[in-house]
Amino acid sequence: MEEKLRISDRVKQIQKSAIHEMTRLSKQFTDVAFLSWAKPTAGTPEHINRAAIEAIQQGLTGGYSPSDGLVELRREIVKKLKRDNNINANISQLLVTVGAIEGLASAVMAIVDPGDEVILPTPTYSTHIQQVVLASGEPVLVPLIEDRGFSLDISTIREAITPKTKAIMYCNPNNPTGTVFPEEQLRQLAEIARERNLMIITDEAYEYFVYDDNKHFCIASLPGMEKNVITCFTFTKTYAMTGWRVGYLHAHEELIAQIKKAHIPFSICAPVVSQYAALAALTGPQDCVADFRDHYLAARNLMCERLDRLNPVFAYRKPAGSYLMFPKILLETGKDSTTFCKTLLKEIKVSTTPGIAFGSTGESHLRLSFCVSEDMINKAFDRMEAYF
Ligand SMILES: Cc1ncc(COP(=O)(O)O)c(C=O)c1O
């Protein structure tokens, strides 16, 4: 009898990540112009590295921390939430997590029962969709309105609610579109959540990378939402700390107690050395964050200028936040974004991410990251201009 691997249906449903697939394919070529990763290319600031080394030298990092995170780190997070997010928290409303990702996964596990529906405005970060599937939930994809700068479609979200709907999950600023959802729309979403007793699970990974007159607004700062919102934050983007794997989650303390039941079997606690690094990030100089933002803003403007010159090929919305943009491919050959991206890689060694990776509404688009050097952007666009 043929032996089959005994894999769960829940894992079998998950497709290979298009982002990792493009990375794998890119490795077959040399001199690739890489616009496919949402990973800061700058290194972690030196004062953060030094603090981690000191913590190791002092013998502070070899054991577990409390599963909800070092108390001194949570105290600093409380100050940050008050200062930058208008959220009044105490340390028992915080959970330090293994990046935003583990916080999101633990939150979804704590909220979603098999068959529960989770509404995701899309295109969205594909990991969110996978997290819902891993919890045996049903992702319900509600398109963002592209003609209005990929804004939330509040009335369609309302219509998508059924007795099985448990939560609405989004990232703000959004990956891949770079939309910053305005306060007014988030107030409407909050009203829906309260009326229908739904959970809002938000991912605020790009909170500091917001441009022009746009403002980042946390739905958790609205009164009356305490038991309806779980907000996930991270050090990954703000301080270029991708590999440290440290983030945190804010929620009502009754929710934290439940989310911790998922967090512990996934991770026990976030890496302790990284928690000391995160502490240094919060207590140290903040000009690195402003420097990153200035760099991304300049890179966004350059990418927009270069896209303008490719006008008949792409149509785009200037992203208000994040370091990502999501142009629509206007060519007939762009209808299948995966083939389009693979062709760009093969023909001109430009690596991008197919829009289909962010939900079916992302088809005919590609995601471009501008968290790279201006030289990299110019190299990619020089090649695309010559090619098209
Ligand atoms: C929207 C969003 N959330 C979360 C993450 C990952 O965050 P972390 O490294 O904190 O797990 C990413 C990374 O690209 C992202 O784009």
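This is a predicted model: local features need pLDDT of at least 70, side-chain atom pairs count only at pLDDT 80 or more; totals for chains, interfaces and linings use all residues.
User: Which residues of H5 and H6 meet?

Analyst: From H5 the residues are Ile101, Leu104, Ala105 and Val108, and they meet Thr127, His128, Gln131 and Val132 of H6.

User: At what angle do H4 and H10 pack, and is their crossing left-handed or right-handed?

Analyst: Helix H4 (residues 71-85) packs with helix H10 (residues 272-283) at an angle of about 35°, and their axes are 9 Å apart; the crossing of H4 and H10 is left-handed. On the H4 side the contact is made by Glu72, Leu73, Glu76, Ile77 and Lys80, while H10 contributes Gln275, Tyr276, Ala278, Leu279, Leu282 and Thr283. The residues of this contact of H4 with H10 divide into six nonpolar, two polar and three charged.

User: Turning to the ligand, which residues around it come nearest?

Analyst: There are 13 residues around the ligand, and those that come nearest are Ala100, Asp203, Thr234, Lys237 and Arg245.

User: How should I read the polar side chains at the ligand, for example that of Asn175?

Analyst: Look for pairs of N or O atoms within 3.5 Å, which is the cut-off for a polar contact. A polar side-chain atom of Asn175 is 2.8 Å from an oxygen atom of the ligand, and a side-chain N or O atom of Tyr206 also lies 2.8 Å from a ligand oxygen. For Thr236, the distance between a side-chain N or O atom and an oxygen atom of the ligand is 2.7 Å. As for burial, the ligand taken alone exposes 400 Å², and the protein buries 93% of that.

User: What should I look for in the backbone, and where are the cis peptide bonds?

Analyst: As a general idea, most peptide bonds are trans, and most residues other than glycine have a negative phi. In this structure, Asn172 and Pro173 are joined by a cis peptide bond with omega about -5°, and another cis peptide bond, with omega about 20°, joins Asn175 and Pro176. Pro173 is found in the loop between strand S5 (165-171) and helix H8 (183-196), and Pro176 is also placed in the loop between S5 and H8.

User: What is the phi of Phe150, and where does Phe150 lie?

Analyst: Phe150, a residue other than glycine, has a positive phi near 55°, and Phe150 lies in the loop between strand S4 (138-143) and helix H7 (154-160).

Conventions:
Residues are numbered from 1 along each chain as its sequence is written. Side-chain values use heavy atoms; hydrogens and water are left out. Axes are lines fitted to C-alpha atoms, for helices over the stretch in contact, and angles run from 0 to 180 degrees between N-to-C directions. Helices (H or I, at least four residues) and strands (E, at least two) are DSSP runs, numbered from the N terminus. A crossing is left-handed if the near helix is turned anticlockwise from the far one by less than a right angle, and right-handed if clockwise. Contact means heavy atoms within 4.5 Å. Ala, Val, Leu, Ile, Met, Phe, Trp, Tyr, Cys and Pro count as nonpolar, Asp, Glu, Lys and Arg as charged, and the others, Gly among them, as polar. A residue is near a molecule or strand if one of its heavy atoms lies within 4 Å of it. A polar contact is a pair of N or O atoms within 3.5 Å; within protein, one must be able to donate a hydrogen and the other to accept it, and residues adjacent in sequence count only if both atoms are side-chain atoms. Accessible areas come from the Shrake-Rupley method with a 1.4 Å probe; for residues, only the protein chains shown count as cover.
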